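Me: I would like to learn how to read the packing of a helix from a model, and I would be glad to go through a case with you.

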Amino acid sequence: MELRRKRAYDNASAEDGFRVLIDRLWPRGVSKERAAIDLWAKGIAPSTALRHEWHAPDADFATNAARYRAELENEDAQALQELVDELRKHPVITLVYAVNDTEHNHAVVLEPILRQMLGE
């Protein structure tokens, strides 16, 4: 299985395989056709409170990443397991997110968790 990350504002392609939107909110200005999302996994997105902190001007990535991991282990654990069960059915998966920063976002935190759960 191959797991990738891609911004929602980048063009979808056939190589993306199964596209999973991992944001709580739909990406602003992106049509459903253009997004080509196969599954919207709102349940594993950071909570609204954490999302606000993540986008604050003085946001600390390490702190927010730790809080997100805690959410995934606790209140979002069932949603995460359901996502993993679905992802096992697909050879290529692309995690789709909207934020501009490609190195400091929740997809960066989620990807290794999914890889571990999927046995990669």
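Me: Which elements do the buried residues of helix 5 pack against?

Reply: This is a predicted model, in which local features need pLDDT of at least 70 and side-chain atom pairs count only at pLDDT 80 or more, while totals for chains, interfaces and linings use all residues. Residues are numbered from 1 along each chain as its sequence is written, and side-chain values use heavy atoms, with hydrogens and water left out. Helices (H or I, at least four residues) and strands (E, at least two) are DSSP runs, numbered from the N terminus; buried means under 20% relative accessible area, exposed over 50%, and partly exposed in between (1.4 Å probe, protein chains only); contact means heavy atoms within 4.5 Å. Here the buried residues of helix 5, among them His-106, Val-109 and Leu-114, pack against strand 1 (2-7), helix 2, helix 3, helix 4 and strand 4 (92-97).

Me: Where do the buried residues of helix 3 lie, seen down its axis?

Reply: An α-helix has 3.6 residues a turn, so residues three or four places apart point the same way. In helix 3 the buried residues are Asn-64, Ala-65, Tyr-68, Glu-71 and Leu-72. They fall within an arc of 120 degrees (taken from the directions from the helix axis to the C-beta atoms), so they line one face of helix 3. On the other side of this helix, Ala-62 and Glu-73 are exposed.

Me: Which helices do the buried residues of helix 3 pack against?

Reply: Those residues pack against helix 2 (48-54), helix 4 (77-87) and helix 5 (106-117).
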